[in-house]
Each structure stands twice: as C-alpha cells, then as structure tokens.
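Trainee: Please take me slowly through one part of this model, and then show me what else is worth a look in the chain.

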Amino acid sequence: MNITTSTLTRGTAVAAALAGLAYIVIQFIHPADVVASLSTQQWVVVHILSFVEAVLAVVGVTGIYLRQVRQFGILGLIGYLMFGFFFILQSAFNFAEAFIAPLFVVDAPQTSTDFVGLFGRYAPVTDLGPLTALPQVGAVLYVVGAILFGIAIIRARMLSRGAGILLIAAAAVTPIAGALLPHTLERMAAIPMGLALVWFGYSLWYDLRANATALQAHTDEAGLDRASR
C-alpha cells in the first residue's frame with residue numbers, strides 16, 4: 001500500500017470527525033470531578049477516551065491546517081498552534097487523570113481532589129504549583145485559538161465556511177457558559193465544538209474527493225483531445 005498525500009488527508013479527516021464524536025459523547029458520560037470518582041472504572045474509561053479524543057483532534061486539526069496552509073497566513077498559523085497546543089495540553093492532563101491521580105487517592109486524597117478539581121472550579125487546598133494556571137492557560141488556547149483558526153478557515157474559502165462559523169461560535173460561548181452555568185451544564189457547551197470538528201472532517205473528505213473527481217475529469221478530457229488528433 002502506497003502512502004500518498006490523499007491517503008494521509010483522508011486519515012486526518014476521519015481523525016477530526018472521530019474526535020468530534022468522542023468530544024460530544026464524553027460530555028454525557030463524564031463522572032463528577034470528585035475524589036470518589038477516581039476509584040471507579042468509569043473514571044478511567046472516560047479519561048482514556050478523552051486522551052484518545054485529544055490525540056485525534058491534534059491529527060485532525062493538523063490535517064485541516066496543512067490542507068489550507070498557503071491560504072492560512074500568519075493568522076491561521078497562530079490559530080493552529082494555539083488550538084493544536086490546547087489538545088496537546090488536554091491529552092497530557094487526561095493521561096494524568098486516568099493513570100496518575102488515582103494512585104494518590106488513599107495516601108493523599110486531598111491532593112487528588114485538588115488535581116481533578118482544577119477544571120471543576122474547586123479551589124485547591126494543597127499547593128499544586130504551576131498546575132493551578134492550567135485552567136486559565138487552557139481557556140486562552142481553546143477560545144482564542146479556535147476563533148483565530150475559524151476566521152482563517154472562513155478567509156481561506158476551501159473548507160466549509162459554516163463549520164468555521166460554528167467553530168467560532170462554539171469557542172465564544174464557552175466562557176459565557178462557564179460564567180453563567182454550573183460545571184455539569186457547562187460541559188454541554190462542548191457539544192457545538194464537537195459538531196464543528198465532525199463537520200470539518202466531512203468537509204475535508206468531501207473537498208479531497210471533489211478535487212480528485214475534477215482532476216480525473218480533466219485527465220480524461222486531455223486524453224480525448226490527444227486521441228482525436
């Protein structure tokens with residue numbers, strides 16, 4: 001099997017769509033961010049799924065960027081780096097939540113509680129050092145990165161502009177939801193983001209297929225012209 005640019009692009013399209021679907025599902029099955037959840041199988045499964053989702057999102061976002069790299073410019077590059085780094089940060093945190101935090105439940109329950117509560121709006125009791133800045137850093141990367149990325153996609157005019165608008169709206173509504181809703185309902189603000197990723201995956205796949213069809217039609221037309229001479 002030959003690994004071609006088209007094959008890799010299709011792979012990133014699938015990765016983006018799967019990441020979006022996983023992002024949506026996770027919001028409905030995520031257990032409470034409390035120490036009691038750490039000893040459950042659901043906690044481990046959900047955070048392994050979250051880790052996989054974040055890795056797929058990095059692959060998908062990278063494919064979306066590379067498909068339009070010439071049209072994206074500096075604004076798109078900044079948006080890609082910020083948005084992509086958010087998912088890298090998420091994958092690292094999810095890995096720690098799944099495999100590291102549960103190890104300290106018995107010996108250091110308060111530390112475990114503070115760690116898993118970083119994104120659950122719980123004020124830490126123990127000193128977590130630079131980790132306490134993760135929610136703020138993650139929020140900036142997620143919101144600003146997604147907005148810049150969405151603007152660049154709309155300006156590039158290659159993939160779905162509707163998906164770009166949805167991405168911007170999903171990022172913009174996140175801090176509003178965080179300010180007005182309890183954490184359990186705030187999670188639902190991630191659903192539009194998941195839908196945007198699914199939409200981008202479909203748009204990327206469709207764009208590649210449309211270009212392949214146009215190229216094949218051009219090749220066939222050129223062959224007929226040569227044959228008629």
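Mentor: Helices and strands here are DSSP runs numbered from the N terminus, a helix being H or I over at least four residues and a strand being E over at least two. The model is a predicted one, in which local features need pLDDT of at least 70 and side-chain atom pairs count only at pLDDT 80 or more, while totals for chains, interfaces and linings use all residues. Residues are numbered from 1 along each chain as its sequence is written, and side-chain values use heavy atoms, with hydrogens and water left out.

The part to look at is the loop between α5 (134-156) and α6 (161-180), where Arg 157 is found. Arg 157 is not a glycine, yet its phi is positive, about 60 degrees. Its relative accessible area is 60%, so Arg 157 is exposed (buried means under 20% relative accessible area, exposed over 50%, and partly exposed in between, with a 1.4 Å probe and protein chains only).

Two packed helices are described by the angle between their axes and the distance between the axes. The axes of α5 and α6 cross at roughly 160 degrees and come within 8 Å (axes are lines fitted to C-alpha atoms, for helices over the stretch in contact, and angles run from 0 to 180 degrees between N-to-C directions). That angle makes α5 roughly antiparallel to α6 (under 35 degrees counts as roughly parallel, over 145 as roughly antiparallel, 65 to 115 as roughly perpendicular and the rest as oblique). The crossing of α5 and α6 is left-handed, meaning that the near helix is turned anticlockwise from the far one by less than a right angle; clockwise would be right-handed.

Some residues show how these helices sit. Gly 164 lies in α6, and with 0% relative accessibility it counts as buried. Val 144 lies in α5 and counts as partly exposed, at 35% relative accessibility.

The whole chain has eight helices and zero strands, and 42% of its 229 residues are buried. Helix α2 (residues 41-67) and helix α3 (residues 69-99) also have axes that come within 8 Å, crossing at roughly 165 degrees. These two helices are therefore roughly antiparallel, and their crossing is left-handed.

Aromatic residues are the last topic. A search of the whole structure finds 12 aromatic pairs (rings of Phe, Tyr and Trp, the last by its six-membered ring, pair if their centres lie within 6.5 Å; planes under 30 degrees apart are stacked, over 60 edge-to-face, and the rest tilted). Tyr 202 and Tyr 206 have ring centres 6.1 Å apart and planes at 25 degrees, so this pair is stacked. Both lie in helix α8 (residues 190-228), four residues apart, about one turn of the helix. Tyr 202 counts as exposed at 55% relative accessibility, and Tyr 206 counts as exposed at 52%. One aromatic cluster includes Tyr 142 and Phe 149, along with Tyr 65 and Phe 72 among others.
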